[in-house]
Amino acid sequence: MSEIDRRSLLARTGAVAGGALATTALTRSTAAAAPTGHPAGDTIRPDDPRFPLLTTGNNQRFVASPEYVRMIRSTADAERAVREAVTAGKRVSVRSGGHCFADLVCNPEVEVVLDLSEMTEVGYDEKFRAFAVQPGIRLLNLYEALYKGWGVTIPGGMCYSVGAGGHVAGGGYGLLSRAHGLVVDHLYAVEAVVVDADRTVRAVVATREDDDPNRDLWWAHTGGGGGTFGLVTRYWFRSPDATGTEPSRQLVRPPSTVLVSALSFPWQDLDERRFARLLKNFGAWHEHNSAPDSPGTAISTVFNICHQAHGTLDMFTQVDAGAPNAERLLGDYLAALTAGTGLTATALTKGSGDLAAMPHLAAPRRMPWLNATKLVGTNNPTITHPGLRGAHKSAYLRRNFTDHHTDVLYRHLTSPQYANPDTMVVLFSFGGRVNAVAQDATANSQRRSVFKMLFQTFWPDASGDAAGLGWARGVYEEFLHDTGGVPVPGDQYEGCYINYPDTDLKDPARNRSGVPWQTLYYQDNLARLRRVKHAYDPTGCFHHSLSVTPAG
């Protein structure tokens with residue numbers, strides 16, 4: 001492993017999110033037997049007051065009952081923790097930020113949870129000419145460290161509290177992806193603790209260099225999903241077109257300022273015709289403006305198509321303010337969305353999903369990029385709520401909505417049988433530079449879509465499980481009726497996003513397409529992923545309900 005330049009290392013960023021500082025571990029009893037410089041993290045058992053917190057994540061539907069949770073503070077500590085679990089024959093799961101939508105981390109079969117949330121350092125590695133990032137850092141803290149330190153960033157997600165570990169391994173995307181591609185398009189290397197066939201535990205550094213014998217392990221972490229191929233202890237980022245040795249030239253430079261807009265469309269102004277036209281306008285614009293060289297890549301939108309019980313449909317749009325004619329681009333975009341509807345947008349005065357109330361953005365406003373990132377990222381009223389249960393389902397679309405699609409969405413989002421205001425179908429801008437990359441260049445194979453959908457609903461306690469899951473399954477499977485209830489890759493759809501994991505895809509009663517669930521996530525990349533799994537985790541030490549199985 002390369003030596004990180006400690007003078008440029010921005011350690012302690014995790015403290016911003018409330019994480020414990022690594023140095024405090026030296027005073028704890030569990031660190032006494034650890035080698036100097038590699039303090040061991042705490043082992044937290046059921047009698048520890050922290051145990052209930054650490055055995056569930058953001059989605060309260062899923063709870064683990066492990067023998068212990070092992071907090072990890074370094075690569076050496078990770079090797080020890082994995083070796084201990086392997087020697088004892090324990091089933092492990094891996095967590096960084098705790099935002100997993102399904103039971104991949106927290107489920108009753110897990111005996112040891114390996115928690116990386118204390119590994120939060122960010123720094124510049126001169127040997128690799130790349131930025132070294134530990135997996136436990138939350139996205140907003142990562143953005144702030146990279147931008148304030150070197151003026152760079154990665155095109156990652158807008159939810160501030162997501163951990164880098166799983167976000168990166170699944171592909172990673174956000175409001176800058178149309179202009180700069182996926183997060184993994186800038187991934188240079190990964191360090192992972194793996195378990196060999198003879199159960200030897202070792203740390204491996206794998207880069208994207210063509211002559212790296214471990215290159216396949218790097219590739220598997222460019223969209224193969226977290227907790228599957230090993231325990232990631234560090235990522236390195238350098239853009240493929242980076243030049244020179246100056247750190248500020250090694251990674252994406254975000255816009256200095258962005259033009260932002262937050263608008264709502266009241267349900268009281270919508271009938272079925274207007275609803276359908278609005279959604280089809282969104283789809284048509286993205287079909288026509290999602291080529292990698294389109295000026296429209298400067299624009300990205302999150303559009304919450306909320307249930308009628310919420311009262312409004314809510315939309316946040318960000319434009320690179322340095323793009324030619326930025327104001328005109330935004331104005332033309334908003335006009336295209338409302339064309340033929342007769343709708344007049346209002347201020348976004350009530351939070352929904354990923355979006356906070358932003359009444360001051362009814363008229364477009366310029367602001368520094370990092371301020372806009374904080375504005376939309378730190379006050380998510382629903383998606384980051386630590387006490388809710390939820391259901392989530394995803395689909396990539398390559399084409400505009402059909403009449404069938406808009407009819408299904410309208411009926412399910414106006415149904416009085418499930419009048420839950422925290423229910424929505426989220427439309428995310430996609431395409432652009434994402435689609436400039438070949439499907440097999442990274443494990444993330446969805447490189448032909450123009451927008452992405454997330455069907456989701458939230459509720460407070462177990463009494464709402466049947467209704468919440470029923471609504472999500474009903475709208476999703478009817479929307480995708482033509483392909484057996486799932487988005488089978490083809491002319492219209494391009495499968496699902498592994499970072500929105502959905503175990504229903506494994507159930508033939510829910511997935512009636514005859515297409516294996518793995519194909520929905522990985523398409524033609526599945527065979528290679530299985531070979532990597534066989535090479536680096538042949539015993540299946542790292543496995544969960546949606547992990548790749550070894551070839552052979």
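Me: Leaving aside neighbours within four places in sequence, what is R447 in contact with?
Reply: R447 is in contact with L182, V184, D185, V434, N435, V437, A438, Q439, T442 and E494, where contact means heavy atoms within 4.5 Å. This is a predicted model, in which local features need pLDDT of at least 70, side-chain atom pairs count only at pLDDT 80 or more, and totals for chains, interfaces and linings use all residues. Residues are numbered from 1 along each chain as its sequence is written, and side-chain values use heavy atoms, with hydrogens and water left out.

Me: Is R447 buried or exposed?
Reply: R447 counts as buried, at 3% relative accessibility. Buried means under 20% relative accessible area (1.4 Å probe, protein chains only).

Me: Which side chain does the R447 side chain make a polar contact with?
Reply: That of T442, at 2.8 Å. A polar contact is a pair of N or O atoms within 3.5 Å; within protein, one must be able to donate a hydrogen and the other to accept it, and residues adjacent in sequence count only if both atoms are side-chain atoms.

Me: And where is R447 found?
Reply: In the loop between strand 16 (423-429) and strand 17 (451-459). Strands (E, at least two residues) and helices (H or I, at least four) are DSSP runs, numbered from the N terminus.

Me: Switching topic: how many residues of strand 12 are buried?
Reply: Eight of the nine in strand 12 (residues 312-320), so the strand is largely enclosed by the rest of the structure.

Me: Which strands are joined to strand 12?
Reply: Strand 10 (residues 257-266) runs antiparallel to strand 12, with nine bridges, and L259 stands opposite V319. Strand 11 (residues 299-306) is also antiparallel to strand 12, through six bridges, and there S300 stands opposite Q318. Two strands pair if DSSP finds at least two bridges between them.

Me: What's in the turn of the hairpin of strand 11 and strand 12?
Reply: Five residues lie between the two strands, and G311 in the turn has a positive phi of about 105 degrees.

Me: Now helices. At what angle do helix 3 and helix 9 pack?
Reply: Helix 3 (residues 139-150) and helix 9 (residues 369-377) pack at about 175 degrees, with axes 11 Å apart. That makes helix 3 roughly antiparallel to helix 9, a label for angles over 145 degrees. Axes are lines fitted to C-alpha atoms over the stretch in contact, and angles run from 0 to 180 degrees between N-to-C directions.

Me: Which residues make that contact?
Reply: L140, Y143, E144, Y147 and K148 from helix 3, with W369, L370, T373 and K374 from helix 9.

Methods. Parallel < 35°, antiparallel > 145°, perpendicular 65-115°, else oblique. Buried < 20%, exposed > 50% of the residue type's maximum accessible area, 1.4 Å probe, protein only.
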